[in-house]
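Please examine the structure shown here before reading the notes that accompany it. The briefing is arranged by topic.

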Amino acid sequence: MSEPRIVKFEVFRYSPEGAETGEGKWQTYEVPCPDDYVVLDALNHIKDYIDPTLSHRWSCRMGVCGSCGMMVNGTPNLTCKSFVRDLEHPIRVGPLANFPVVRDLVVELESFMDKLKSVKPWIIRKVEKDVKYGEYLQTPDELDSYRQFSMCINCCLCYAACPVMINEPDFIGPAAIALGFRYNQDSRDEGEAERYAVLAGEHGVWNCSYANECSEVCPKHVDPAAAVNREKLVSALQWLHILPKKGA
Amino acid sequence: MGSASSTPTLASRVPDGWWMSHKRYRYYMLFAMASGILSLGSLVLLVAVSALSKGSQAWAGFLAMLGSPAGLLLSVVVLVPTCFFAVRWLRVGVKIPQVKLGPMPAPGAGMLYVAHFGLLIGVSLLVILLLSGVVA
Amino acid sequence: MKVIRHDIVLVGGGGAGLRAAIAAVEVSPETTVCCVSKLYPMRSHTVSAEGGAAAVAGSDDNLDLHAYDTLKGSDFLADQDAVEQFVQEAPGELTQLEHWGCPWSREPDGRVAVRAFGGMSVKRTWFAADKTGFHMLHALFQTSMKYDRIVRLDEFFATKLLVDNGRVCGVAALDIRTGEVTAVLGRAVILCTGGAGQVFPFTTNAAVKTGDGMALAYREGVPLKDMEFVQYHPTGLPGTGILITEASRGEGGHLYNNEGERFLVTHDYGVGNKAELGPRDMLSRAIMREMEAGRAFDGSYGKYVHLDLRHLGEKKIDEKLPFVRELARNFVGVDPVHEPIPVRPVVHYMMGGVDTDITGATPMPGLYAAGEVAAVSINGANRLGSNSLTECLVFGRRAGEAAVRFAGDCADGDERVLVDQAEAEHGRMDALRNKVGGEQIAVIRREMQASMESGCGVFRDQGSMDATVAALRQLKGRYADIGLSDRSKVFNTEIVQAMELRNMLDVAEAVAQTAAVRTESRGAHTRTDYPTRDDSQFLKHSLVNFSPQGPEIGYRDVTLTRWTPEERKY
């Protein structure tokens with residue numbers, strides 16, 4: 001392995017307590033980075049050996065738990081898959097945009113959790129089948145009609161990228177809408193009518209101006225913009241009573 | 001919606017001029033602004049309709065204005081963002097109809113691309129042919 | 001002191017925890033469950049499971065065959081009554097997940113598809129491409145949102161079980177956001193905190209897998225069972241330890257050494273015709289033997305062998321193993337469609353855990369455990385791949401239902417006694433946050449991990465294990481002198497790391513000590529100085545109890561029903 005090289009990081013620091021209160025600040029660290037370091041490795045190096053007061057979230061470090069989303073050089077990204085060697089230096093790491101900051105790189109996710117719940121992301125049926133009668137049949141084509149939208153890891157990069165979120169913080173946003181749409185599209189579900197009021201309501205799909213930024217940054221290729229804008233089409237046809245709502 | 005913060009938070013701050021500050025947004029903003037210029041084109045259309053309603057003399061005057069250097073410049077100024085807008089809109093817009101509507105199966109992306117751009121090019125050609133008098 | 005009261009307190013919000021929570025509120029229309037989790041539930045490590053979940057599905061399969069495969073995989077250390085119960089309830093649980101929206105991969109006719117897996121004699125592993133754990137966890141989490149009686153305390157770290165007169169009646173939990181300790185009281189507590197892979201340096205496990213639940217129970221006098229059995233997964237990426245699922249071999253992938261040999265076929269490693277679909281312990285040993293024999297590749301992170309998927313073709317890889325392709329491309333720059341993937345054995349799973357019975361009950365009244373934190377035991381000395389996700393569901397539900405029954409039969413604990421204990425925890429947290437000392441958390445953690453790898457790896461012997469035991473004892477002494485730098489209360493992750501390290505040191509010691517006294521080789525516990533299985537002495541579970549002087553170790557006979565232990569050969 002080649003010698004690690006020293007890379008400069010500018011990391012956002014904020015604490016609601018003590019001397020660091022206020023608007024937050026950028027703090028510079030010099031981190032020895034082997035060639036295969038990702039930004040998260042560098043943050044952990046800072047935490048372990050340079051400055052244990054740095055707070056950030058992370059867990060699986062394989063791009064599936066969704067914890068480590070941050071702004072890396074101004075773009076929302078999973079730090080566990082942002083390679084240091086691919087980035088311009090100094091590397092600026094900040095908390096996800098469009099969320100209130102709790103501390104350093106940690107943002108407040110409570111409103112996101114409420115938005116997720118608001119789309120009723122569970123199978124809704126008029127009559128449940130008893131487990132002893134086996135599974136609901138679902139062909140591979142029926143599975144494909146929603147599978148992509150079930151890939152969301154709730155990392156919230158799309159909220160940080162969405163220009164609508166800047167002015168409309170109550171917009172339920174790309175991930176939550178994609179999840180609601182995922183259940184609407186599932187052949188086992190009959191809850192479309194129950195989700196209509198939220199998805200097509202005041203804070204729903206019609207806030208979206210189709211900047212497509214959510215899909216540009218999505219690390220799992222969920223393409224939430226497609227879900228949001230398909231739901232516009234579907235809900236418009238439903239509003240016009242051209243299309244029925246499943247479960248109505 | 002949204003829970004009360006249990007500790008004070010730093011509001012998510014948006015710097016002035018955020019909408020042109022990053023290349024992620026610039027493209028989209030150009031797209032949005034293109035629609036402003038597009039409205040100029042609609043204005044020209046309105047003037048055309050108005051001239052048509054006022055008789056052949058007014059219509060001839062309108063055509064002369066379109067043919068003048070200023071008129072030609074205006075056409076070019078409108079054409080460029082119109083093409084940009086159309087191409088970008090069709091590129092992202094093609095994702096929208098890929099959904100199963102009632103008994104109709106979801107159309108594939110390839111077919112929609114061909115249909116969208118085919119329609120754009122076809123209609124444009126038809127208009128050019130009509131205006132140039134090849135097709136009477 | 002903030003006091004929150006619910007019927008049942010759940011620690012951990014992964015696959016087992018969420019299943020337990022849903023079971024509890026479904027079986028009883030009034031019960032409330034409070035889920036205390038140190039991370040948002042959908043971040044839990046269940047999310048990283050890839051290959052699938054086992055349950056009898058096809059007409060070529062039957063429950064006895066699943067049970068037999070599981071027992072043989074366990075090297076006959078699993079309790080046979082527990083395994084019988086497990087295989088019987090498995091299909092219903094996976095079907096239940098299907099009803100809750102899990103996007104299982106399907107056959108053309110719409111039925112759920114199954115794939116082959118290591119140590120299973122027929123195809124019985126249900127899968128959602130190669131993101132099975134991810135989809136199961138999200139389906140469970142999203143379904144749990146349906147119930148307002150499941151109340152979540154997200155990003156709360158449980159620091160101590162609150163015990164009244166020998167019965168557990170809640171937990172003290174640090175609100176990571178505010179730095180305040182809350183007393184979360186209930187009439188039963190379910191631990192679902194998962195494993196402890198982070199006690200090793202090189203693991204597939206997420207950073208959060210620090211053995212918290214094991215340590216919480218252990219320190220209150222609940223025994224840990226079979227802790228010496230640590231599973232190495234044969235195929236992790238060098239460096240990061242990122243898991244390359246066994247499904248890649250289930251779908252037909254092959255392992256090659258640096259001489260281009262399929263060494264599981266050309267050399268006798270006891271896996272017979274199963275080759276790449278042999279059980280994990282045997283494959284990990286085989287790869288280590290190849291390394292010792294100089295038939296492995298050399299890389300910047302040590303030796304490795306090749307996992308070759310190229311013959312499967314791009315279409316099959318994209319359909320069945322898209323995540324493997326994504327991981328290999330992102331993290332080692334290898335596209336498995338065109339190149340073999342470098343892999344090596346990596347710590348993956350703890351067969352051992354909190355001692356529970358078949359209902360998930362531990363010896364402490366009111367305390368239940370399910371999932372990797374628990375040892376029922378259906379996994380014995382070596383777990384078969386794809387049994388653990390199913391275990392989370394079967395025993396998660398059992399623990400949830402048993403906890404409801406227990407909570408319905410007893411009165412609340414003495415609040416004064418419990419809140420006093422939580423107050424004491426609050427004081428301990430304040431002291432820890434302001435602690436001055438010469439030792440660093442990261443340094444002790446690194447030394448512990450290195451020591452565990454050298455003493456409790458794939459191959460073990462008395463000398464190396466004794467050295468690890470001694471090193472851990474010394475590290476525990478040094479832990480008393482750690483210093484913390486972060487004095488703030490809001491989202492202080494340093495104090496969380498300090499508590500996690502304490503948990504890991506306790507768990508590591510339990511692993512090393514139980515390993516050092518089991519003088520046989522069984523399943524994942526392979527000793528070069530005692531290379532054979534010894535049923536006359538060790539057809540027994542180890543049970544380790546905490547004492548201030550160090551772990552105290554005892555044994556309990558394995559429960560046998562219909563199967564006689566036999567030589568484990570494939």
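The points below concern a helix pair in one chain and the domains of another.

The model is predicted. In chain B, the axes of helix H2 (residues 23-53) and helix H4 (residues 69-93) come within 8 Å. Chain C is divided into domain 1, domain 2 and domain 3.

**Helices H2 and H4 of chain B**

- The axes of H2(B) and H4(B) cross at roughly 130°.
- The crossing of the helices H2(B) and H4(B) is left-handed.
- On the H2(B) side, the residues that meet H4(B) are Phe31(B), Ala34(B), Ser35(B), Ile37(B), Leu38(B), Leu40(B) and Gly41(B).
- Their partners in H4(B) are Val77(B), Val78(B), Pro81(B), Thr82(B), Phe84(B), Phe85(B) and Arg88(B).
- By type, the residues of this contact comprise 10 nonpolar, 3 polar and 1 charged.

**Domains of chain C**

- Domain 1 of chain C is made up of 2-49 + 131-229 + 349-419.
- Domain 2 of chain C covers 234-345, and domain 3 of chain C covers 424-534.

**Domain 2 and domain 3 of chain C**

- A distance of 30 Å separates the C-alpha centres of domain 2 and domain 3 of chain C.
- Contact between the two involves 5 residues of domain 2 and 5 residues of domain 3.
- On the domain 2 side, helix H8 (residues 280-292) of chain C gives the most, with 4 residues.
- The residues of that side of domain 2 divide into 2 nonpolar, 1 polar and 2 charged.

Key:
Residues numbered from 1 in each chain as written. Chains lettered and ligands numbered in written order. Predicted model: local features only at pLDDT ≥ 70, side-chain atom pairs only at ≥ 80, totals over all residues. Axes fitted to C-alpha atoms, helices over the stretch in contact; angles between N-to-C directions. Helix = DSSP H or I, 4+ residues; strand = E, 2+ residues; numbered from the N terminus. Left-handed = near helix turned anticlockwise from the far one by under 90°. Contact = placed C-beta atoms within 7 Å. Nonpolar A, V, L, I, M, F, W, Y, C, P; charged D, E, K, R; others polar. Domains from an automatic or database assignment.
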